[in-house]
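Hi,

Here is the structure I promised to pass on. Have a look at it first, and then read on for what I found.

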Amino acid sequence: MIARMITSHPESELFDRFARFYDDDYRDYDDDIEAIVMLAAECGDPILELGCGTGRVLLPLATAGHSITGVDVSPALLARAEEKVRKQGVATNVHLVKADLRTFDLPEKQFAFAFCTSNTLMHFTSPEEQVAVLRNAARHLRPGGRLLIDLFNPDLPRLFAVEGVMELADRWQDAHSGADVLKWSVRRIDVAEQLQETTFIYEEIFADGRTQRTVCPFTLRFLWRSEAELMLQAVDLRIEDVFGSFDGDPYGSDSDHLILIAVKPETDA
């Protein structure tokens with residue numbers, strides 16, 4: 001059952017549009033799952049996922065026996081997560097909530113572990129909005145609880161190299177419709193505002209020759225390490241670790257990820 005809170009997120013419709021491509025788009029990506037499962041086992045329950053999507057990470061945690069709450073703004077993404085949870089037989093371990101990450105207010109305020117993976121924080125495109133998400137996450141942690149944030153590491157030469165270029169990013173066959181799906185991407189970057197505007201175009205080519213295009217524009221606000229650390233400190237979380245990959249590699253200029261783990265202090269002292 002998906003619980004709903006009053007929300008008004010302008011990108012809800014956009015994420016709904018993206019929902020039917022989500023699982024195929026992420027079909028080969030599981031770099032974060034092992035590390036998150038290990039950290040969850042270390043922290044204990046209950047667990048909170050910020051931006052759970054269709055349950056890509058939530059489901060392995062529930063299957064491992066964890067009690068987890070997933071929050072997302074998209075009804076379509078949550079509906080797919082609910083279906084998968086039900087089919088996997090782990091519904092008693094999962095609570096799904098439709099709400100805005102900046103403002104959700106759960107009865108449970110003693111989460112042992114919260115995480116926000118796959119650049120989800122970057123969908124909030126101002127520093128104020130990103131801090132609001134982090135503050136809300138911290139508010140739901142118990143003392144000693146941990147928060148993991150996964151961002152992409154800004155690689156400016158790469159970003160400038162692909163700016164304005166239409167790339168064929170991926171290709172697959174849809175198991176339900178049989179259509180050949182081509183995923184195109186076009187990016188624009190605004191360094192001053194730390195914004196990357198990406199347009200994904202999903203082109204479906206059906207057996208009878210019909211084609212259909214679904215356009216999904218996303219804007220991400222990337223963060224530098226020092227800025228991300230200051231944001232976490234501003235919401236009274238203490239930085240525990242910073243990594244450049246989910247294998248635990250040290251963070252550096254050439255890292256693919258900027259992964260931060262912060263802890264809520266046991267006392268105010």
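Leaving aside neighbours within four places in sequence, Leu223 is in contact with Met122, Gln130, Leu151, Pro154, Gln194, Ala228, Met231 and Leu258. Please keep in mind that this is a predicted model. Leu223 sits in the loop between strand 10 (211–221) and helix 7, and it counts as buried because its relative accessibility is 1%, under the 20% cut-off. From Leu223 to Phe124 the C-alpha distance is 11 Å, although 99 residues separate them in sequence.

In the largest nonpolar core, which has 39 residues, Leu147 and Leu151 touch the most other members. Among the elements that give two or more residues to this core are helix 5 (127–139), strand 6 (141–152) and helix 7 (225–234). Another core, of 25 residues, lies apart from it and includes Leu58, Ala62, Ile68 and Ile259.

Then there is helix 2 (residues 33–43). Its buried residues are Ile33, Ile36, Leu39, Ala40 and Cys43. These lie on the same side of helix 2, because they cover an arc of only 135° around the axis. Strand 2, helix 3 (58–63), strand 5, strand 6 and strand 12 are among what covers them. The face turned away from the buried side carries the exposed residues Glu34, Met38, Ala41 and Glu42. Just after helix 2, Gly44 has a positive phi of about 90°.

Best wishes

Technical notes. Residues numbered from 1 in each chain as written. Predicted model: local features only at pLDDT ≥ 70, side-chain atom pairs only at ≥ 80, totals over all residues. Heavy atoms only, no water. Core = buried A, V, L, I, M, F, W, Y, C linked by side-chain atoms within 4.5 Å. Buried < 20%, exposed > 50% of the residue type's maximum accessible area, 1.4 Å probe, protein only. Helix = DSSP H or I, 4+ residues; strand = E, 2+ residues; numbered from the N terminus. Contact = heavy atoms within 4.5 Å. Arc of directions from axis to C-beta.
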